[in-house]
Number of protein chains: 2
Amino acid sequence: MHRVKVRVVEDALDANNTIARANRADFDRDGVTVVNLMSAPGAGKTALLERVVNDLPGVRVGVLEGDVQGSYDADRLASLHVPVTQLNTDPGFGGECHLDANMVRSAVPALPLREIDLLVIENVGNLVCPAEFRVGEDARVMVSSVTEGEDKPLKYPLMFRTCELVLVNKIDLLPHLDFDLDRFLRNLDAVHPGVPRRLVSARTGEGVDAWRDWLLELPARREGWVGAQ
Amino acid sequence: MHRVKVRVVEDALDANNTIARANRADFDRDGVTVVNLMSAPGAGKTALLERVVNDLPGVRVGVLEGDVQGSYDADRLASLHVPVTQLNTDPGFGGECHLDANMVRSAVPALPLREIDLLVIENVGNLVCPAEFRVGEDARVMVSSVTEGEDKPLKYPLMFRTCELVLVNKIDLLPHLDFDLDRFLRNLDAVHPGVPRRLVSARTGEGVDAWRDWLLELPARREGWVGAQ
């Protein structure tokens, strides 16, 4: 039984990767760089997007907003005059806990790919399954809030291991927490040695410049990644 | 395609419920009351357990610890001399994001059911899928941290709707957050009107007495539930 289950899962992930490549081809055709933004619920993905979407000179941003249901985050971003496409995962189930390549594929016709340079896909808040499904992104960014504790890289290693940037958010709360930042960073390096990280506070704006700079430099880094493939 | 998917999901949930009833029969045979404890990652499930497991007069507690991998929380609780059984969800996949009845069933032989009165099943940190799978519990308790924002009941309604108690944790941080507690409670009542809730801080101990009292009164409430069925 165990081997059968592994086979089914591998087939499903192979199928997902095939569709992810088709998404990627569509994004590449229009020169759109794509970020898959992931975190636990309430870690601050939307707040960190709100901080930068209107402050990226020369970069037209679009957002694909993944939620189980509702459009609360999409409404927040739309109020900043950013093109937002809502993708709900609830039809046919209590709600999928992640985006996969096929769900993103279903949204591609609705995306204004010719009018944007950077597409941010805000995934469902969850530290497990989103990490398992590529959706056609160039880079994965994950947000880890200091309120979640130092042990999270050890408990959810795939998420921390498969991202190109970790945003350590809510650092304005550090004086009020029993959170050992050095220990968190050691745990992070234990599962993903040297992964780029930025300490940020969406609330106060601390560190947001570095997050914006990372996004601005992303297309150049992406060229390097493509060249190295 | 859509209808086929719904059918498959319904069959899977039916099968899960059948196994959950078998688990429940085993728990009932030994007079064990069972709580399914759920939350987002880092909301404080383990910390809230640590606060009460040695302070429930006349109630012998056991814990079934669900994690994708590792035994960090189990080790914390075992150091308090509580019998802890570890259940990892990673074999055969990148890691299941929830416990289901069959996973719990596989752990039943390892549980010291004759030596405990209360079994707390600490689920995987996730606000989506754990809510979809009954595991044989008498009651569901969810922890929602004030650091996660006021919108969580609206974004993850199934989780908030299917629990018997909501622990609103980390209230010691309220002075340092832009968190509108009244708005959160209004959102909670919008998805689950009148659900019992306790405001707690695992860090300072505030409200922990009320959480402990709720657990102590659980067997009596459970008799009432069973009688009403």
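Which residues is Phe160(B) in contact with, leaving aside its neighbours within four places in sequence?

1. **Ground rules.** This is a predicted model: local features need pLDDT of at least 70, side-chain atom pairs count only at pLDDT 80 or more, and totals for chains, interfaces and linings use all residues. Residues are numbered from 1 along each chain as its sequence is written, chains are lettered from A and ligands numbered from 1 in the order in which they are written, and side-chain values use heavy atoms, with hydrogens and water left out.

2. **Phe160(B).** Here is the reply to the opening question. Beyond its neighbours within four places in sequence, Phe160(B) touches Met142(B), Ser144(B), Lys152(B), Pro153(B), Phe184(B), Leu188(B), Val191(B) and His192(B). Contact means heavy atoms within 4.5 Å.

3. **The core.** The largest nonpolar core has 56 residues, and Phe160(A) and Phe160(B) have the most contacts inside it. Such a core is a set of buried Ala, Val, Leu, Ile, Met, Phe, Trp, Tyr and Cys residues joined through side-chain atoms within 4.5 Å. Elements giving two or more residues to this core include helix H6 (157–161) of chain A and helix H6 (157–161) of chain B. In soluble globular proteins, nonpolar side chains tend to be buried together.

4. **The sheet.** In chain A, 7 strands form an open, parallel sheet in the order S3-S2-S4-S1-S5-S6-S7. Strands S3 (84–88) and S7 (197–199) of chain A are at the edges; each has a single partner strand, so one side of each lacks a neighbour in the sheet. The twist averages 20° from one strand to the next. Two strands pair if DSSP finds at least two bridges between them. Strand S2 (residues 61–67) of chain A is joined to S3(A) by 5 bridges. Leu64(A) has Thr85(A) as its bridge partner in S3(A).

5. **The interface.** The contact takes 41 residues from chain A and 42 residues from chain B. About 3,600 Å² is buried between chain A and chain B, with carbon and sulfur atoms giving 59%. Buried area is the accessible area (1.4 Å probe) that two parts lose on being put together, summed over both. The rule finds 6 salt bridges across the interface. A salt bridge is a side-chain nitrogen of Lys or Arg within 4 Å of a carboxyl oxygen of Asp or Glu. Asp178(B) and Arg203(A) form a salt bridge (2.9 Å, N to O).

6. **Tyr72(B).** This residue lies in helix H3 (residues 72–78) of chain B. Helices (H or I, at least four residues) and strands (E, at least two) are DSSP runs, numbered from the N terminus. Tyr72(B) is partly exposed, with a relative accessible area of 33%. Buried means under 20%, exposed over 50%, and partly exposed in between (1.4 Å probe, protein chains only).

Technical notes
Axes are lines fitted to C-alpha atoms, for helices over the stretch in contact, and angles run from 0 to 180 degrees between N-to-C directions.
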